[in-house]
Structures are given as structure tokens and as C-alpha cells.
Amino acid sequence: MSDWSAGPPPKGRRPRSGDAYDYYGGGRERPAAPRPPGPPPAGPPPRRPGGPGPSDDGGRPLPPQRKPKRWGRRIGIALLVLVVLAGGLVFYFDSMLQRTDALDYPGRESKDTPGTNWLLVGSDSREGLDDSQREELSAGNAPGRRTDSMMLIHIPESGGQPAMISLPRDSSVPIPGHGRDKLNSAFSYGGPQLLAQTLEGVTGVHIDHYAEIGFGGFADLVDAVGGVDVCLDQPIKDDMAHIDLPAGCQELDGPNALGFVRARYALADGDIGRAANQRKLLGALVDKASSPATLFNPFRLVPLASSASKTFTVNNGDHVWHLASLGLAMGDLSGGQGVTTSVPFGGFGKVNGQSVIQWDKERAAAMFDAIAKDQPIPPEILDN
């Protein structure tokens, strides 16, 4: 057999019988002639599993089609998550508020008056303070709680200007069941309920909300915003309040701010001057808390909200959103919109052998009548 087994014989040589490939049909069958090309199949060429997809006219494969990004849906989901988180924080902080039946005293018959009225109380409660905190705040070890500051805050219903009225603790007022005594004695005798009952009876103003904060809570709020700035016309050195502040503008931390609002023995006008300092410090605190440096700084905003929710005691029906409304009103007051003053002063007197402050009855009556009617307080009856 020839050593070549397939294909035609080499050029110049005729095939022999017995070759593996018979050029004239003597071996294997002659291969079939190719079929003429038919019409191309309709539609795109079939895809092989895992193979390339359809191609363009130049034979290049088309890029895979991408699904359009749904940015609107993504933004909506992100906003929903933020709303849920914010709502969760609000209810968390609300659950941390301490509550009391401040406005649920027996025989309450005061009629509701237009607008919204808050009774804001600063107490000397040492509850929750350890020994080191008592020493830092010079709080001592007195049991129970008394009130060092009281304010009535009116938020008009008609969108007018709010008012913040200091109620000096040494004010001489009739206390139900206890005769005439100092205003802060009502708190000592019967807590928030008797204090609210006393004030509603004396002023004729219906109190809608109650908020109280103690020593430690006030100092924590000041520290949470990084301190507050105050300007003093005269230096204040009060050994009882444990402060020694120079004249001029300065930043106060929590303990110094607490001493500032407690000091009265070093002031020429005593409790009247202390009430003015309390309004000044409270305005500075609200101004700092509502500044962009606090609102847009989570390292200040979160501690502030946490401190406020843990240290405020409110009426049973009050919530965080009510405190937010109070904060907005006080922000207006700190910005110079509205009235910040004290009950019109009438002089000093003696009750049970103690020095007390007497209100100017006519001007005080006109002031509280305007608040009860949700009307602007006449400027001529204001002291300062």
C-alpha cells in the first residue's frame, strides 16, 4: 500500500489500485458535492449557552444592557430610614422624661385661658447626685427639694410675642390651707400641685404645662452646649453660692452657671436681682442651644437632648414635643422678641418674722389679666 492514505495522488503520479484513496472511485466513496447556500435564517442568530450575545452590523458584540438606576426610589428609602430613626429617638427621649401629677390637684376649677402657659421651676433637688457631684456643685446634703426659681411663660395663641415672667421665691402670697407665706413655701408644703394651685388662684391664669429641673440637670445642660456666655456689670462673689465672678463678659461652665443663678446674698437687690440673673442665664442657654454650632453638631445635640430628657420633670400629659415648643418660644425671647420681666415690685414686708416681697397689686393684676386674655402686656406696667 502506498504510504499516503488520503487525498489525491501527488502531482505527476497516477493512482494505483490498492491505494487508500482511489482518485477514480476505486477505493472510498467520492465526497458529496457541497450544497448551494440557502437564504439566511430569519431573526437573530441562536445564542450558545454562555456564549456572546447578539452583535451589531459590524460583527462586534453589543454591550450588555444595564438597568436604569432608580435614584428617586433610593432617595425615598433613605428619607424613610431617617424619619424612622428620628421618630425612634424622639420616643426614646420622651420615655426618659420624669413625670408627676403637677396640675392634677383636688378641686381644680380654673378655667382654661387662651394661649399656652408654662410653669417653669428650678428646684434644689439633689436626687441622683453622688458625693463628688454634690461637692463639685456645692449642693450640700439637704433632703427633699425646694424651688429657687419660678417663671410663668406665656405663648400667645394668635402668633404674637411670648412673655416670660419671673415669680420671686420670696413673694408674699396666700397659700391654700397655709395662710399667707412665701411663694416657694407652697412648693415645700405640697409640691408642684400646691404651687400650681397657689399661682392659678393668685394670677387667674390657667397653667397648661409644667417643667422642673434640678441642680445636676441644669449644670449638665450648660456643659452639654459647651458653656454659656454672660456679661456682668459688677463682679459677683457669693460664698453661699460658691462663686467668685469678675465683671465683664465670660463663659460659664455648669457649676459656675448654677452658682450664678443661685446667688442672691451678694446682690444689692437680693431675690429681685437673682430673678433677673436667672432670666439672663436662661436666655444665654437657649441662645447657645439653638445655635447652628449645636443643632448641626451631633456631639453636642445628642448629649443636650439626652441631658434634657433625663433631668426634666414634667406633668403627666407633657411630652418632648411640648418641650420643643417651649424651646422655640424661649428662643424668640432670647432673641429680643417678646417680654422678659418680673412681677411688678411693690416693696418689702414681713410675714411670720421673715422678709418677703410684696407685689404691686394694681400693676400685677393688669399684667396677669392681659396674659389671661392673651393680649399684649401694657408697657407702662413693666418693671424691667
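Hi everyone, let's start in the middle of this one: the largest nonpolar core has 44 residues, and Phe218, Leu281 and Phe312 touch the most other members. Helix 6, residues 270–289, gives the largest share of this core, with 6 residues. Bear in mind, please, that we are looking at a predicted model.

What does Phe312 contact, leaving aside neighbours within four places in sequence? Its partners there are Leu97, Gln98, Leu120, Ala211, Glu212, Ile213, Leu221 and Leu323.

Now for its packing with helix 5, residues 254–262: the angle is about 145° and the axes are 7 Å apart. On the helix 5 side, the contact uses Ala257, Phe260, Val261 and Arg262, while helix 6 brings Arg274, Asn277, Gln278, Lys280 and Leu281. By type, that contact holds 4 nonpolar, 2 polar and 3 charged residues.

Last topic, aromatics. The whole structure has 2 aromatic pairs. Phe345 and Phe348 have ring centres 5.1 Å apart and planes at 65°, so they pair edge-to-face. Phe345 is partly exposed, at 31% relative accessibility, and Phe348 is exposed, at 53%. For Trp359 and Phe368, the centres are 5.9 Å apart with planes at 40°, so that pair is tilted. Both Trp359 and Phe368 are buried. Thanks, everyone!

Notes:
Residues are numbered from 1 along each chain as its sequence is written. This is a predicted model: local features need pLDDT of at least 70, side-chain atom pairs count only at pLDDT 80 or more; totals for chains, interfaces and linings use all residues. Side-chain values use heavy atoms; hydrogens and water are left out. A nonpolar core is a set of buried Ala, Val, Leu, Ile, Met, Phe, Trp, Tyr and Cys residues joined through side-chain atoms within 4.5 Å. Buried means under 20% relative accessible area, exposed over 50%, partly exposed in between (1.4 Å probe, protein chains only). Helices (H or I, at least four residues) and strands (E, at least two) are DSSP runs, numbered from the N terminus. Contact means heavy atoms within 4.5 Å. Axes are lines fitted to C-alpha atoms, for helices over the stretch in contact, and angles run from 0 to 180 degrees between N-to-C directions. Ala, Val, Leu, Ile, Met, Phe, Trp, Tyr, Cys and Pro count as nonpolar, Asp, Glu, Lys and Arg as charged, and the others, Gly among them, as polar. Rings of Phe, Tyr and Trp (its six-membered ring) pair if their centres lie within 6.5 Å; planes under 30 degrees apart count as stacked, over 60 as edge-to-face and the rest as tilted.
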